[in-house]
Amino acid sequence: MPIAGVPVKRPSGKGFLRATYLPSILKGMWITLRHMLRRKVTMQYPEQTWSLPDNYRGLPALVRDDEGRVKCVACFLCQYVCPPKAIRIEAQEIETGVEKGPKLFDINMLRCIMCGYCEEVCPEQAIFLTKEATTVGLSREEMIFHKDKLLDLGGVRPDPIKKWGRLIHGDRSHGGR
């Protein structure tokens, strides 16, 4: 079978300068000199921070509704959809006797990739990705965020769903049958 194509002509000899790597060294020194003469950009990090874009996805956090109740109903969708399997939930029956809630809600921040799938799949809008960018921990155990820490990160968000209205007010217009 004949070879298709045209053979590539290679340079025959390197030459003395190329053999000593002198052109590459001089080019590297020129780049270094250029950077030394530029204006420095230094940020005093703890006091100054970069402004984050609106679509920035930071640490996940659980939220409470207007009445201070945990919005999570332990449906396990976020645990199921999480690609690195960073979320672990255990359910319990809550005081209403109708629904369940999270007894245990842990997110392993060493595994979390901040993809936002948990936020998208949540039917109760109970988990959000915050603008928080820094996670600090001195051990692996400190990097597992438990329910209380996640609730502190998330705070309170208004509840557009009002799923508790039927149970509290006895009103059937909030989703009753």
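The mean pLDDT of the protein is 85, and 86% of its residues reach 70 or more. One stretch deserves a word of caution: over residues 173-177 the pLDDT falls below 50. Beyond near neighbours in sequence, this stretch has 6 contacts in the model. Where pLDDT is low, predicted coordinates should not be read in detail.

Turning to the sheet, 3 strands form an open arrangement in the order E2-E3-E5, with antiparallel pairing. Strand E2 (87-93) and strand E5 (144-145) are the edge strands, each pairing on one side only. Helix H5, made up of residues 147-154, packs on this sheet and touches both E3 and E5. The direction of H5 makes about 85 degrees with that of E3. Between E2 and strand E3 (residues 100-108), which run antiparallel, there are 7 bridges. Within this pairing, glutamate 90 stands opposite leucine 104 in E3.

The cysteines can be treated briefly, as the structure holds 0 disulfides. For cysteine 112, the closest cysteine sulfur belongs to cysteine 82 and lies 6.4 Å away, which is too far for a bond. For cysteine 115, the closest cysteine sulfur is again in cysteine 82, at 6.0 Å, and this too is too far for a bond. A disulfide would need the two sulfur atoms within 2.5 Å. Cysteine 112 counts as buried because its relative accessibility is 17%, and cysteine 115 counts as buried at 17% relative accessibility.

Charged side chains complete the picture. Side chains of opposite charge can pair when their charged atoms come close. The count here comes to 2 salt bridges. In one of them, the side chains of aspartate 65 and arginine 69 meet at 3.1 Å, N to O. Aspartate 65 has a relative accessibility of 2%, so this residue counts as buried. Another salt bridge brings together the side chains of arginine 88 and aspartate 106, at 3.0 Å, N to O. This pair links distant parts of the chain, with arginine 88 in strand E2 and aspartate 106 in strand E3, 18 residues apart. The two partners have their own accessibility values: arginine 88 is partly exposed, with a relative accessible area of 44%, whereas aspartate 106 counts as buried at 5% relative accessibility. Strands E2 and E3 are thus joined by 7 bridges, and a salt bridge between arginine 88 and aspartate 106 links these strands as well.

Conventions. Residues numbered from 1 in each chain as written. Predicted model: local features only at pLDDT ≥ 70, side-chain atom pairs only at ≥ 80, totals over all residues. Heavy atoms only, no water. Pairing = 2+ DSSP bridges. Helix = DSSP H or I, 4+ residues; strand = E, 2+ residues; numbered from the N terminus. Contact = heavy atoms within 4.5 Å. Axes fitted to C-alpha atoms, helices over the stretch in contact; angles between N-to-C directions. pLDDT = per-residue confidence, 0-100. Buried < 20%, exposed > 50% of the residue type's maximum accessible area, 1.4 Å probe, protein only. Salt bridge = Lys/Arg side-chain N within 4 Å of Asp/Glu carboxyl O.
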